[in-house]
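Here is a walk through the charged side-chain contacts of a predicted model. Keep the structure open while reading.

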Amino acid sequence: MRDIYQYFVEGDDEKRLIEVLKTDMRLIQPGKIQVVNVVQEKLTDLKLRVLPEGVILVFVFDTDAGSPEILNENIKKAEQSSHVKAVYCIMQVK
């Protein structure tokens, strides 16, 4: 069985970047992309519950804005979800 990936990206620029990397260049695993700023928005139980079972979450975000506390809460919450297999973070730095 192939792993299922879900990308939570900060904005439209990151969304386009992930689309190019997965579709045009085939450098990353295919998966759904959703704009969710994980350093500013807390993940809800509903958002995690609707994910497919065994999903691997990839958070893509900037380090120059947002709250590390919210990011840590989102990572912990996602890791505790029975739907989530793993959580990976990709940080953009200037």
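Lys85 and Asp3 form a salt bridge, and their closest N and O atoms are 2.7 Å apart. This pair links distant parts of the chain, with Lys85 in strand β4 (residues 84-92) and Asp3 in the segment before β1 (4-9), 82 residues apart. Lys85 is exposed, at a relative accessible area of 54%. Asp3 is partly exposed, at 33%. Lys85 is classed as exposed because its 54% is over the 50% cut-off.

The search of the whole structure finds 5 salt bridges. Another of them joins Asp45 to Lys77, where the closest N and O atoms are 3.1 Å apart. Here too the pair links distant parts of the chain: Asp45 belongs to helix α2 (residues 45-49) and Lys77 to helix α3 (residues 68-80), 32 residues apart. Both residues are partly exposed, Asp45 with a relative accessibility of 47% and Lys77 with 29%.

Within helix α1, what separates Glu19 and Arg16? The two residues lie 3 residues apart in this helix (residues 12-24), so about one helical turn separates them. Glu19 forms a salt bridge with Arg16, with 3.6 Å between the closest N and O atoms. In relative accessibility, Glu19 is at 26% and counts as partly exposed, while Arg16, at 46%, is also partly exposed.

Salt bridges with shared partners join Arg16, Glu19 and Asp24 into one network.

Methods: Residues numbered from 1 in each chain as written. Predicted model: local features only at pLDDT ≥ 70, side-chain atom pairs only at ≥ 80, totals over all residues. Heavy atoms only, no water. Salt bridge = Lys/Arg side-chain N within 4 Å of Asp/Glu carboxyl O. Helix = DSSP H or I, 4+ residues; strand = E, 2+ residues; numbered from the N terminus. Buried < 20%, exposed > 50% of the residue type's maximum accessible area, 1.4 Å probe, protein only.
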